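Colleague: I have a structure open and a few things to ask about it. Can we go through it piece by piece?

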Amino acid sequence: MRKSESTIGVERYSSRYTRGFLRMLTNEGQVLTDKFVKQFYTSENYQERLEAIKYIVSVSGKYQFPGKIFFDALNDSCSQVKVYVLKHDDFSEIITPQIKDILAYIAQNDEKFQLRALALERLSEQCDHNFYDLFFSKALLKGSKESSAALRGLYKLDKEKAYQMAKFKTESSSGNLDIAIAEIFQNEGDINDLLFFKQRLKARNKFNKIDFIKIYLKFLGRLAIDPITRNNVLYISEDILATANRELIQLLIMELHVFISGNHKFLNNNGDLMSYLSKAINVLLEKNT
């Protein structure tokens, strides 16, 4: 059916109006961005600089602004400005040598533990052998956030060395470091590393168990040994049931379903194990009522 001239005219007007409206929004957005860039560089009030950098981060990739603003934010005298940038920008678009240098400086020298840990986290996302020594030395620290970020960075550069470091750190690990070690064991570990999973699961408080269990189950899936899987699923279930926390029980049920869906080949060749897992889920459901 052919459109009438009046209909075509209306559509053309609508299209021109839409394009004009979008241009107006873009122009307004750029004007506002320019305003916040100026505010960041001219304000002596740290709250105004923080407000400005929050806006700049939120429009990154949408509007134009000086790329060096993130470098300057990481040099800001206010730690809150630096923390915000480190937490909310992954630097994937702007990871220049200068940015890497300032991240390394913060990781090594900043007086605030939070900033050192965050800078290490951002650096650990890069695969840069220039930071091998930094990652190795920081992985030896007792602080779990710094050590865990450094261990992840080391793993990207040297899997065997990171595995050795992870085994070395097992006896003194906690918190975030438990997770980093578990992630490395999940990919590189063997049956001898199961003791770590059992010990650390028991030591974690009830609100920090599930993230650990997710990795624990992936490790069991990679081992793919029927009796080992049964023994450890029972251990995990009993640990969670002991908390008497219905939400945790529900989350474990979900994770067991994820385990089943992600290990079809292993379970299809082990029908008895599949039946065991189904029964384990039913027991958890009964306890959760």
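Colleague: Are Glu146 and Arg116 buried or exposed?

Modeller: Glu146 and Arg116 are both buried. Keep in mind that this is a predicted model.

Colleague: What do the side chains of Glu146 and Arg116 form?

Modeller: They meet in a salt bridge, with 3.1 Å from N to O. The pair links distant parts of the chain, since Glu146 sits in helix α8 (residues 144-157) and Arg116 in helix α6 (residues 113-124), 30 residues apart.

Colleague: Which Lys forms a salt bridge with Glu146?

Modeller: Lys138 does, and the closest N and O atoms are 3.4 Å apart. Lys138 is buried, as is Glu146. Through shared partners, the salt bridges join Arg116, Lys138 and Glu146 into one network.

Colleague: How many salt bridges are there in the whole structure?

Modeller: A search finds 15. Another of them is between Asp72 and Lys68, where the closest N and O atoms are 2.6 Å apart.

Colleague: Is Asp72 buried or exposed?

Modeller: Asp72 has a relative accessible area of 17%, and buried means under 20%, so Asp72 is buried. Lys68, at 48%, is partly exposed.

Colleague: Changing topic. Which residues of α13 are buried?

Modeller: Asp226, Ile228, Thr229, Asn232, Val233, Ile236, Ser237, Asp239 and Ile240. They cover an arc of only 160° around the axis, which puts them on the same side of α13.

Colleague: Why do residues three or four places apart point the same way in an α-helix?

Modeller: Because an α-helix has 3.6 residues a turn.

Colleague: And what covers the buried residues of α13?

Modeller: The cover includes α11 (194-203), α12 (210-223), α14 (246-262), α15 (264-268) and α16 (271-287).

Colleague: What span should α13 have?

Modeller: Helix α13 has 16 residues (226-241), so at 1.5 Å a residue the span should be 22 Å. The C-alpha atoms at its ends are 22 Å apart, which agrees.

Colleague: Where is Asn245?

Modeller: In the loop between α13 and α14. Asn245 is buried, with a relative accessible area of 13%. Its side chain reaches the backbone nitrogen of Glu247 at 3.0 Å. Beyond its neighbours within four places in sequence, Asn245 is in contact with Lys206 and Phe207.

Colleague: Last one. Which residues touch the most other members of the largest nonpolar core?

Modeller: Ile53, Ile56, Phe70, Leu74, Leu151 and Phe197, out of 85 residues in that core. Helix α12 gives the most to this core, with nine residues.

Conventions:
Residues numbered from 1 in each chain as written. Predicted model: local features only at pLDDT ≥ 70, side-chain atom pairs only at ≥ 80, totals over all residues. Heavy atoms only, no water. Helix = DSSP H or I, 4+ residues; strand = E, 2+ residues; numbered from the N terminus. Expected span 1.5 Å × (residues − 1). Buried < 20%, exposed > 50% of the residue type's maximum accessible area, 1.4 Å probe, protein only. Arc of directions from axis to C-beta. Contact = heavy atoms within 4.5 Å. Polar contact = N/O pair within 3.5 Å; in protein donor to acceptor, adjacent residues only side chain to side chain. Core = buried A, V, L, I, M, F, W, Y, C linked by side-chain atoms within 4.5 Å. Salt bridge = Lys/Arg side-chain N within 4 Å of Asp/Glu carboxyl O.
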